[in-house]
Amino acid sequence: MLKSIVHGIDKFNTAISNVTMWLMIPLVGVMLYEAIRRYFFNAPTVWGMELSMMIFGAYIIFSGPSSILQRVQVGVDLFSSKWEPRTRAVVNCLTYGFTFVFFFQLLKTSVIYAIESWELQELSSSAWGQPVYHWKTLIPIAIGLMMLQSFAEFLRNVWMAVKGEKMP
């Protein structure tokens, strides 16, 4: 059952990551359109730069769960590289406790931030003045997905600590 939970979380976050990759197409399209309007017709858009920043922001925050899954974060393994895999897994389980506290605080704060934005029907302060509350809702969703993927990594480490082998 533990394996199916972990693999289910991995599959879900991989699917989210695969969908998120496609955000590059509209991002490039918006930036190309803005560049052509700005440099060839001397008629920049009011919305191009801001929309490209919002799309790129969504792309970046949804890369978090994928980076945890693919283990591409920077780690300091000065000591742990010399430890047995089981010992490393036990220490990782302990550090994931701190990770969950950190992510929980981020999640709590970002949910409050998103709710306030929806209540205010918040608009950007740019000349375009686009609604931003829907963009701010993506933040707690991405943090929740990172928590979920961290939980899967925690379970992998529990498996290693208990069984002494990698989860198949």
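This note sets out the main points of the structure for a new reader.

1. The model is predicted: local features need pLDDT of at least 70, side-chain atom pairs count only at pLDDT 80 or more, and totals for chains, interfaces and linings use all residues. Residues are numbered from 1 along each chain as its sequence is written, and side-chain values use heavy atoms, with hydrogens and water left out.

2. The chain holds 6 helices and 0 strands (DSSP runs numbered from the N terminus, helices being H or I of at least four residues and strands E of at least two). Its radius of gyration, taken over C-alpha atoms, is 20 Å, well over the 15 Å that the globule rule gives for 168 residues, so the chain is more spread out than a compact globule. That rule is 2.2 Å times the number of residues to the power 0.38. The C-alpha trace spans about 65 × 35 × 30 Å along its principal axes.

3. The structure holds 5 salt bridges (a side-chain nitrogen of Lys or Arg within 4 Å of a carboxyl oxygen of Asp or Glu). In one of them, D10 meets R156 at 2.0 Å, N to O. D10 lies in helix 1 (residues 2–21) and R156 in helix 6, so the pair ties together parts that are 146 residues apart in sequence.

4. The largest pocket is lined by 25 residues, of which R71, N92, Y96, E153 and N157 lie nearest its centre. A pocket is an open set of points on a 1 Å grid over the protein atoms alone, where a 1.4 Å probe fits, with protein on both sides within 12 Å along at least five of seven lines; lining residues have an atom within 4 Å of a point. Helix 5 gives the largest share of this lining, 9 residues.
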